[in-house]
Amino acid sequence: MRQILDFCQEPKTVFEILDLLGLSDRMNLMRTYLNPMLAMGILAMTEPEKPTSRNQKYKTVKAN
């Protein structure tokens with residue numbers, strides 16, 4: 001998770017995150033990492049109103 005948070009300081013696509021981690025299964029990435037991180041509030045979607053948008057990117061949420 002730390003690697004994803006460091007990488008997503010600037011918005012990144014699912015495919016960029018997959019490439020970083022050397023993974024190929026998008027659904028596994030979502031289920032194992034991104035969805036839990038979104039639920040914890042440490043990662044955010046750039047288009048939360050369209051969660052399945054092909055232009056969706058993910059960005060680290062800054063702690064206050």
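Ala, Val, Leu, Ile, Met, Phe, Trp, Tyr, Cys and Pro count as nonpolar, Asp, Glu, Lys and Arg as charged, and the others, Gly among them, as polar. This is a predicted model, where local features need pLDDT of at least 70 and side-chain atom pairs count only at pLDDT 80 or more, while totals for chains, interfaces and linings use all residues. Residues are numbered from 1 along each chain, and side-chain values use heavy atoms, without hydrogens and water.

**Exercise 1.** Classify the lining of the largest pocket.

Step 1. List the lining: T13, V14, F15, R26, M30, M45, P51, T52, S53, R54, Q56 and Y58. Helices α2 and α3 are the elements that give two or more residues.
Step 2. Sort by class: six nonpolar, four polar and two charged.

**Exercise 2.** Describe how α2 meets α3.

Step 1. The axes of α2 (residues 14-21) and α3 (residues 26-40) come within 11 Å and cross at roughly 85°. That makes α2 roughly perpendicular to α3 (65 to 115 degrees).
Step 2. V14, F15, I17, L18 and L21 of α2 meet R26, L29, M30 and L34 of α3 (heavy atoms within 4.5 Å).
Step 3. These residues divide into eight nonpolar, no polar and one charged.

**Exercise 3.** State the confidence of the protein.

The average pLDDT (confidence per residue, 0 to 100) is 95, and 97% of the residues score at least 70.

Notes
Axes are lines fitted to C-alpha atoms, for helices over the stretch in contact, and angles run from 0 to 180 degrees between N-to-C directions. Helices (H or I, at least four residues) and strands (E, at least two) are DSSP runs, numbered from the N terminus. Angles under 35 degrees count as roughly parallel, over 145 as roughly antiparallel, 65 to 115 as roughly perpendicular and the rest as oblique. On a 1 Å grid over the protein atoms alone, a cavity is a set of points where a 1.4 Å probe fits but cannot get out, and a pocket is an open set with protein on both sides within 12 Å along at least five of seven lines; lining residues have an atom within 4 Å of a point. pLDDT is the predictor's confidence in each residue, from 0 to 100.
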